[in-house]
Each structure stands twice: as structure tokens, then as C-alpha cells.
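Welcome, and thanks for taking a look at this one with me. Here is the structure I would like to walk you through.

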Amino acid sequence: MLLSNKYIVCIWGILLVLSCTNTHTESSPTLLPELAQAENCMYAYPDSALHILEKMTPPKVTDKYQYATWCLLLSQAKIKNYVELESDSLISMGYKYFQQKENPQRKALAGYLEGIYYNDEKHDAKTALKYYLEAATEIEKTEDYQLAYFIYVGIGEVYVFRSLPDYAIDAFQKAYTFAKLSNNKIHMSLALSYLGRAYSIKPDAGKSISYYKNALEVARETEDKTSITIALNELAVVYEAFLKNDKQALIYALEALHINEEKESLQNYLTVGDIYRQLNMNDSAQYYLNKAATSNNIYTVCGAYQSLYYLNRTIPNNYAKAMAYCDKFYTYIDSITKIEHGKEIIAMREKYNHEKLLNEKKTLQIENEQIIQNYLYISLFIVIIIACLIFLYQRKLIQKERTIQMQEEQLRINNLRIHDNEMQMTQNEVHIMQLSEQLAANEGLHETMMEQQNGLNELKRKNKNLQQETILLQQNMAEYSQNMQETLKAQ
């Protein structure tokens, strides 16, 4: 027999409940108002964010989420305002806390900040890249496109300064993609400039110039002086180094210098000074290169001393001065050589990717095992539920069969009772007829007639009772028959 509809509905309901996966995501507490305000203005107004974070009372250390967030945001605000970090203690506190939590955005931010600290402050590109790659893995799980842009720019800069253009191009392309997703044209322009820089060291002058010109076009739309200056200055470098077009290079370089004059970009001074050197305008070259040599950027200083050496070695009586610049140049180039470990960076990247792949495989294996285990538990549970339903159904069938048997037995008993009643009534009718005849024959005998009359009345009363009982039994039999039919239909 088929299961009844209500049992089928019950089983399907259980299957639907068990098939629904409830993925638990740890919800983060609501940020303190000051922290939320600082985070909201971090990219647009980093100075305001720093002011808010420094002015507020730091969260209690026992409130781990708020305190860890404050550590990260304060470090991020200092970095964006070019405040030197004496140590990464605050970043480490946030990093350690969020590594244990399911919060990919905070994990990515912590890894990114550690990467900046190790790259800019410790000059440890290998460790910096490790943190950047961790951050990149986490940020892919979010929609924080601005942070994703900065992470991939950090990765690209590690590669580009170590003459690994192919790796740098890949990172800068991703940075450009996230800049477009965030609809930030300043970031788009900068990403295009970074791509131009990567292609310039490939070297591919055509693509480099194309990217720089695209960057300049986007930058002019935003009227952002920094992005315009970067595109112009680096266009000048490419025109000078690859196309040997010093006049056009000087036009770009001077425009960049004029636009960003109030900030005195020493990188611009290096470009302008070197172009003047190529044009044999020695006094102007000396002035701009000396300014560039005061930069705190090791690469700018190294380039400035190299150009000063080339400039002064061609000038009579300046040989000693040229050699002094040469010594300084080699001092800085040694420092840069120590920083640049291209092979180690590649090895570290490959090691990270390998470990990441192994972790992903291990995680997938654990997830598959968990899924199989869950299916086994679900299957076992379903089997138990079905067995219980079958047991209950069979029990109900047995109860129905017993009810039917009892009803059939009652019908049989009623039939026998009715038959007995009918036989008794027939016998009583015969006695009634006999007594009636005797009453007629003994019409003059009073006592005999009274006894016979009483007997006759008693027989009539019994027949009447038997007749009523028979009618009641017939009604009961009709009800039993109807109940049996309904019970059979319910099966």
C-alpha cells in the first residue's frame, strides 16, 4: 500500500529543512561612532580621520574588537598622512586579533598595513610581499574596491622596483580594475601611470607612452595635480630615455613642475635637471639636480648623484667634484642592491602561491569530508524518520484491521441475535395463537381465562421488546457497515 499524503508531505518537509544550509557568519559589533566616522573619511580626508582618532579616548583593551579596529585605523591614518611609524606594534595587535576572526575586510587591511610598514620602514620587501599577498587573498572576498586598489599597487611597487615588470604589470592591471570598480578616476589615472612605469622597464616604450598618455587624459578630467604631475613627469622620462626627444621631454617635465610647484616634487627636479644636462644647460642642470639630491627617496637621490657625476665629469676642473658624486652614487647603489632581491622576491611569491594552493586544497578536502559526513548524518536521520513513519503507518493499519475485525464480529453477533429474536418471535406468535384459541374455548371459566389472558399479554410484550431490539440491532449493523466502508476507503 502507498503512504498517505500527509506522511509524504511530512517527509518532504524534513528533507527541505535538512537540505537548507545555514552558513553562520560571525557578525561584527557596531563600531564606536568616532571609529565609524574616521573610517568613512579615511580615503577622502585622511587628515580629518587622523584628528578624530588621536582626539578620541582609545577603546578599552578588554573590548578587543573596538581596540583592534582603532589600532588599524590609527595606523592607516598615520600612513596616509606620511607620519613615520616607529614600530608596527599597533598594526600587529590588530593583525593578531583579526586573523582569528571571519572578517576578510579587516584581515586585508591588517595585512596591507603590515606590508606598507615592512616595505617603507623596514625595507624588507620579502616580508612586505608576504603580507600584501595575504591581504590580496582576503580582499577578493569583499567589495572594498578602494582597499583592493591600494593592496595591488603595493604588490606592483615591490615588483617594479626590483625590475620584475611582468609580475608588476599583472598587479597594476588588477589595481586598475579595482579603481574602475570603485569609480575613482584619480586611482584610475595613477594605475595607468604605474602600468606605464612597468612597461618602461620591460622595456616597451610604445606601450609605456600609451599608458602614460591615457593616465594624463584621465588625470586632466579630475584636475588632480598629483596624478597629472606623475603622468607628465614620467612621460618626460620616457621621451628622454627612449625617444631621445629632450625638447618634448622638457616640455612635459616643466609643466609637471609648474603644476605641482607648491609641493616641490624632488622627483620632478631630478627629471628636469637630467634633461637640462642632456641639453648641455649645465647651470640649470646643477641647480635642479642639487635640489633632487635632498630627497628622502633613495632612488631619487641615487639618480641625482649619477646625473651630477655625468654632468661634472665633462666640466673642466670639476673632476674631483665628479668623483665625489660618483662615490655617493655607488654608496646609494649599494644600498639599493641590498634592497633589491628579485630572485628572492620571485621565490617568496612562488612559495606563497604554493602554500596558498596547498591550503586551498586542504580546505576543499576538509569541506568535502564535512559535506560527505553531513550527508551521511542526514541520510541516517532520514532513514530513521522513514522507519518511524513506516512503523506508525503499519501500526495504524493493524489498528484499522483490528477495528474492522471487531466490527465484523459485532455484525456476526448481531446477525445471530436477530436470527434468535426472529425465531423467538415466531414461537411466541404460535403460543399467542394457541392462547387466543384457548381463551375462546374457555369463555365461561373466569380464572382460567385470566391466566391465559396474562400469558397472552406477556407473550405480546416479549414480542414487542424483541421487535424493538431487532430494529436497534439492524440500525447498529448499518452503522458498522458504513464505518467499515469508510475505514477501507481511508487505506
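The numbered points below go from the overall build to a few helices and residues.

1. A word on the ground rules comes first. This is a predicted model, in which local features need pLDDT of at least 70 and side-chain atom pairs count only at pLDDT 80 or more, while totals for chains, interfaces and linings use all residues. Residues are numbered from 1 along each chain as its sequence is written, and side-chain values use heavy atoms, with hydrogens and water left out.

2. The secondary structure comes to 19 helices and zero strands; helices (H or I, at least four residues) and strands (E, at least two) are DSSP runs, numbered from the N terminus. Of the protein's 491 residues, 41% count as buried, where buried means under 20% relative accessible area, exposed over 50% and partly exposed in between (1.4 Å probe, protein chains only). Among contacts (heavy atoms within 4.5 Å) with a separation of 6 or more, 61% join residues 24 or more positions apart.

3. Leu-53 is worth a click. Beyond its neighbours within four places in sequence, Leu-53 is in contact with Leu-35, Ala-38, Met-42, Trp-70, Leu-73, Leu-74 and Ala-77.

4. Now turn to helix α14 (residues 266-278) and helix α15 (residues 282-292), whose axes come within 7 Å and cross at roughly 155 degrees. Axes are lines fitted to C-alpha atoms, for helices over the stretch in contact, and angles run from 0 to 180 degrees between N-to-C directions. The two helices are therefore roughly antiparallel; angles over 145 degrees count as such, under 35 as roughly parallel, 65 to 115 as roughly perpendicular and the rest as oblique. The residues of this contact divide into nine nonpolar, two polar and three charged. Here Ala, Val, Leu, Ile, Met, Phe, Trp, Tyr, Cys and Pro count as nonpolar, Asp, Glu, Lys and Arg as charged, and the others, Gly among them, as polar.

5. How do α15 and helix α16 (residues 298-313) meet, and at what angle do their axes cross? Those axes come within 9 Å and cross at roughly 155 degrees, which makes α15 roughly antiparallel to α16. Asn-282, Ala-285, Gln-286, Leu-289, Asn-290 and Ala-292 in α15 meet Thr-300, Val-301, Ala-304, Ser-307, Leu-308, Leu-311 and Asn-312 in α16. By class, that contact has seven nonpolar, six polar and no charged residues.

6. Ala-191 is found in helix α10 (residues 185-200) and is buried, with a relative accessible area of 0%. Leaving out residues up to four places away in sequence, Ala-191 touches Tyr-149, Phe-172, Ala-175 and Tyr-176.

7. Val-238 lies in helix α12 (residues 225-241) and counts as buried at 2% relative accessibility. Apart from residues up to four places away in sequence, Val-238 touches Ser-200, Ala-205, Ser-208, Ile-209, Tyr-212 and Leu-243. The C-alpha atoms of Val-238 and Asp-204, 34 residues apart along the chain, are separated by 10.0 Å.
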